[in-house]
Amino acid sequence: MTAMFVNLPVTDLERAKAFYSAVGFTINPLFTDHNAACVVVEEDHNYFMIVTREFFQTFTDLPVGEPAKNVSASTSVMLDSRETVDSTVADGLAAGGTETKEPADYGFMYQRQLTDPDGNILEFGWMDPVAAQQGPEAYMNQQA
């Protein structure tokens, strides 16, 4: 696999661009116009395409759902530390996002859920490197 693009429908493209920039992503102007913006999550690998609902509707014959009312996906982004997770979510809240769930702390993994202004769910998380490479049980054994 060379790259992954996740398409997200939005009602206000400029507001969405500001939100995704606030949580630390960048906008690629070469693939941005009045219909969509390319949000760089990880250069050369992972991207969001935030797409106006009208343009998103051209991708499918099915009706476009309302993510704020009917969740159909949650996208997780892993970060380098718990502190980075907390600061990223704080930046997202300041940019109009909401956090409807309490943070989840599993010891080896920490996650916070942030909903963008359109209701699309992003989960920001951190995982202990031992658990990421060898599984949660290896982390727990290391703690014993």
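Modeller: For the division that follows, Ala, Val, Leu, Ile, Met, Phe, Trp, Tyr, Cys and Pro count as nonpolar, Asp, Glu, Lys and Arg as charged, and the others, Gly among them, as polar. The model is a predicted one. On that basis, the lining of the largest pocket divides into 10 nonpolar, 8 polar and 1 charged residues. The lining comprises 19 residues, and Pro-9, Pro-67, Ser-72, Ala-73 and Asn-120 lie nearest the centre of the pocket. The space in this pocket is about 310 Å³. Two or more lining residues come from each of S1, S5 and S8, and S1 gives the most, with 4 residues.

Of these strands, S5 covers residues 74-78, and its side chains alternate. S5 runs parallel to S8, to which 5 bridges join it. Within this pairing, Thr-75 stands opposite Leu-122 of S8.

Both Thr-75 and Leu-122 are in contact with Phe-48, whose contacts beyond four places in sequence also include Val-6, Leu-8, Tyr-20 and Phe-25. Phe-48 belongs to the largest nonpolar core, a set of 21 residues, and is one of those that touch the most other members, together with Tyr-20, Phe-25, Ile-50 and Phe-124. Strands S1 (4-10) and S8 (121-127) are among the elements that each supply at least two residues of this core. The largest share, 4 residues, comes from H1. A second, separate core has 8 residues, including Met-49, Val-51, Phe-56 and Val-64.

Conventions:
Residues numbered from 1 in each chain as written. Predicted model: local features only at pLDDT ≥ 70, side-chain atom pairs only at ≥ 80, totals over all residues. Heavy atoms only, no water. Core = buried A, V, L, I, M, F, W, Y, C linked by side-chain atoms within 4.5 Å. Buried < 20%, exposed > 50% of the residue type's maximum accessible area, 1.4 Å probe, protein only. Contact = heavy atoms within 4.5 Å. Pairing = 2+ DSSP bridges. 1 Å grid on protein atoms, 1.4 Å probe; cavity = no way out; pocket = protein on both sides within 12 Å on 5 of 7 lines; lining within 4 Å. Points joined across faces, edges and corners; volume = space filled by probe spheres on them.
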